[in-house]
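Me: I'd like to go through this structure with you. Can you take my questions one at a time?

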Amino acid sequence: MKQSIYILLIGVLFTACKKEKSSDIHPVDLNIKVAYNISTSSYTLPLNGVNVKIKNVNTGTTQTLKTDDNGAIVFGSVSPGLYDIDATIEIPAATYTQITGIQTESNITFNASAKNTQIAIGLTDAIELKLVSGLIGDWVIKQVYYSGSHRTNGALYRDQFIEFYNNSDKTLYADSLYFAEITGVITSGASYNLLKSLQMDWSTAQGMPTGIDANKDYVYARAFLMIPGNGKQHPVLPGKSIVVAQTAINHKQPFTGTDGKSISVVDPSLTIDLSGADFEAYYAPLLTKALASDVDTPAPNLEVLSYFGTDMIFDNGGRYSYVLVKGDGKTIMKDLPAYPYPTKTTPSSTATKYYQIPTRLIIDAVEVQATLPEDRNPKKLGPALDAGFAFVPAGSYTSQSIIRKTEKTVNGRIVLKDTNNSTEDFDFFTIATPRGFK
Amino acid sequence: MKITHLIFAFFLIFTISVSAQEEKKSKSELQQRQLFFSDSTNLVNFDYAKLSPLFVKDLMPKQISRIAIAYQRDQGKFIEAQGSTKTNTAHLYSDGVTELKGVKLYGSFDYKKVFEDSTRFAHQTRNNITTPYYYGSPTNNHYERAIYNFKALGAKSIFADKLTFGLGLDYTVADHFANNDPRGSINEYQLNAKASLAYNLSDKISLGAGYIFGYGQEKVTVGYKNPIYYESLSSPRHVNFLINGYGEPIPKPSYRNYNDFQDRSGFEGVFSAKNTKFGSFYIHGSLVEEKQRYDYRTSDEITDMASYDLIKTTINLLWDKTLLKGRIATNISYKNLAGEDYNVVYFAKNYVYSANELEANINYSTTRNKNIYNYLVGLRNFNEERIDGITGNKVYSNNLILNGGFGLQHQINNNQSIGASLGAGYTLPLDDSFFVSPANESYFTRDVIFHNYLYNTASSYSGSFSANYSFPFYNTMQAAVKINLVYATKAELQDLQRTLTTTPGKDRFFNNISLNLYF
């Protein structure tokens, strides 16, 4: 009997010890291959030394490696999950000219990105990225203050603004410069026809003509606004900017609203003085009931082609993106077509329509995303417009703005970073600072 | 009045009533009850008996009760990453043994109020630390815990003592909460029960088996006072992370609550051979499988979040024998924990936990004149491994802990006694392995995984001292005031050659003072 018990106990012990100790999941060796998305093959741009960065969307861990001569790189032991993958290479101006024969004074940056890419267990296929040279323009979007300030102690959304900057070495004119707030899937895409990227498939929008690439060659505006002027009315010197305010007033101090009541803040340090803004949005003439804070200040008013809400109120959650548009002399902006959202069901005759803006007219763009990874939406702007995205780290109503980084100073003129990848080009201000630099 | 308070009162009355049923005892008899617990071999037998109701009759005295109130403080940074750098505990404990109509009964209640400083990455209870699924934050939290535990064991022999039937019950209800952001809150209950039956082959030999079952729930919520901590990730140290394995967690700023439902089932086997010429032998083995199911609930639906199965295997041997005018009690125990999860994101097993513990303690005690001498030599081997498939992390450590001690209890006049003991220990790392890919390294990896590896592979020394003074108390009880001091200091840390944000500190100091009443 004793012997049997002993054997039984040994058996129990053995069973416990022999359990296999391994996981069914294993990290992935992630293969990435980059190539240039150029149609000509008359020259070959370098593929080695492309910086490839992978960032785990959830854990925030990042790794950066450089490609080999074939444009390939392997990231070893990568955790399965969602990743933002960015590739970038800056080719010196002289090298670029030597290779292509194209004269340029500025270094040329090529970018590629694959945001929210699922790296699955057992993935062996290489992820291919196409490098594109983005818009490196004279005008750039310098700062976007979309988050607003504290709900009760600050100015809420009243103190929002956007700033454009002359990044060139010559005087530019802001007259007839357009900007737009770009829309797309911002909450659930369940009611829309979607692309593989889960962004809206605008080609299925009611009335959309065939024969165009409605998704790649155009973006769609929730608000479309223009800086007024006769062409030479609003010069902007090199290294200078213009500030476009929702309401060009000092928000730190009380002011009288359109309803005759005083509007003030509890803590002036949370908001900003926009009395020096160059332009403002004034929607009152468009509305049956104006927003109390939308007072008409001496700052020139924007021309409104389309609008959303009761003032130029940017989405404090960062769910929309911003583009700067310049006419080509042929296109009449207000005559651009507009289409309703590509809903699965037929839209009503009164459904809101959104201006369709050709990407060829866009001179700068910033993709803005929500602060929390779980709240982010599929990108609305393609890599040729913005390979990355920017956001304020503290989120809504925190007084924070996104601000384009300073790249260098040339003869006292600050040149802002413009690699066409907002993830790399933008930082943030803890308190939005009109005309500030970082 | 909460149900916990009612149960608390019941057990308090129960243990006191054990004493009340007895005839008035002499001071000498009362002192013997205190001295019973001063003999380390008695204590080994008494604690061993709590393993199964089938041992209560043989290994516990006929009638004894005690109540203790204690304050203890644990301080120092030579701890695991998710431990508390300073813990203050108020403790009320009572247990007692009696026999009612042929049923041998043991009951205890235990109440602890714990104040923890600087607890990181652990919105958890302290009794489910192998789980892969929990919330945690890098910042230091101040935790408060109120823990009630009730135990009852009962055994009765029937059919001319041929059969012994036993029942056991163990109930814990606890409330844990942090009082700074992120404010973790865990409401917990655990109920474990067993029903056992032994066949007494003879007066000396018996064999038994029992069925073990249990249920439990942890209800976890993390709240904030400052909304910026959950509306953004701008203060990473305050972000609520969801740990799901042994790799980098993901931020969980919203929907910050879950339930962990636990079911346990298993069996125990017991064997005893008493009063043989080689002494008495008791063997206890158990195998319990615990299934933990994690879900998130709204009024509309229940979403499965994870599951975790933990198998606990134990084997305990007690050898008790009179030897050289004294008594030797040797306890050899083996424990194996084998856990694995089911990750609902990947529909596969991701996390594997395993731990083995083999421990041998030899206690020898002898009474001469008015002195009780206690000697202890102990040896413990503990190894632990955590595997996380998603990151490929695999961390293993294996340690040998050696300890020894000596104690003396001396009776003085008027039924008083004084006692003191000294002990020393040494932790010797035997082997380890460490694979944590730099590719997946962030807060948790640096703050927890690196830190724990360094702690678990460190060599260390410890020393302990205790003293007590015992005296008659109102003619109805024997009292003892005790102090315990334990100091541990690290000897050597591994050189990890990684960027470290935190390392185990220099030392740890534990002290405890208690008033114990025996009756």
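Me: Before that, what kind of model is it, and how are things numbered?
Reply: It is a predicted model: local features need pLDDT of at least 70, side-chain atom pairs count only at pLDDT 80 or more, and totals for chains, interfaces and linings use all residues. Residues are numbered from 1 along each chain as its sequence is written, with chains lettered from A and ligands numbered from 1 in the order in which they are written.

Me: How many helices and strands does chain A have?
Reply: Three helices and 26 strands. Those are DSSP runs, H or I of at least four residues for helices and E of at least two for strands, numbered from the N terminus.

Me: What does chain A span?
Reply: Its C-alpha trace spans about 100 × 60 × 50 Å along the principal axes.

Me: What share of chain A is buried?
Reply: 43% of its 438 residues. Buried means 20 or more other C-beta atoms within 10 Å of the residue's own (exposed is 12 or fewer, partly exposed in between), with C-beta atoms placed from the backbone.

Me: Which strands make the open sheet of six?
Reply: The order is E17-E14-E9-E8-E23-E26 in chain A, with mixed pairing. Strands pair if DSSP finds at least two bridges between them. E17 (279-280) and E26 (426-429) of chain A are the edge strands.

Me: How do E8 and E9 of chain A run?
Reply: Antiparallel, joined by six bridges. Trp139(A) stands opposite Asn166(A) in E9(A).

Me: Switching to the cores. Which residues touch the most other members of the largest nonpolar one?
Reply: Ala180(A) and Val323(A), in a core of 83 residues. Strand E12 (residues 218-226) of chain A gives the largest share, eight residues. A nonpolar core is a set of buried Ala, Val, Leu, Ile, Met, Phe, Trp, Tyr and Cys residues joined through C-beta atoms within 7 Å.

Me: What is Ala180(A) in contact with?
Reply: Leaving aside neighbours within four places in sequence, its contacts include Ala221(A), Phe224(A) and Ile357(A). Contact means C-beta atoms, placed from the backbone, within 7 Å.

Me: How many residues of chain A are in contact with chain B?
Reply: 33, against 39 residues of chain B. H1(A) supplies the largest share of chain A's side, six residues.

Me: Last one. Why does the span of H2 in chain B agree with a helix?
Reply: At 1.5 Å a residue, its 12 residues (27-38) should span 16 Å, and the end C-alpha atoms are 17 Å apart, which agrees. The expected span is 1.5 Å times one less than the number of residues.

Methods: Two residues are in contact if their C-beta atoms, placed from the backbone, lie within 7 Å.
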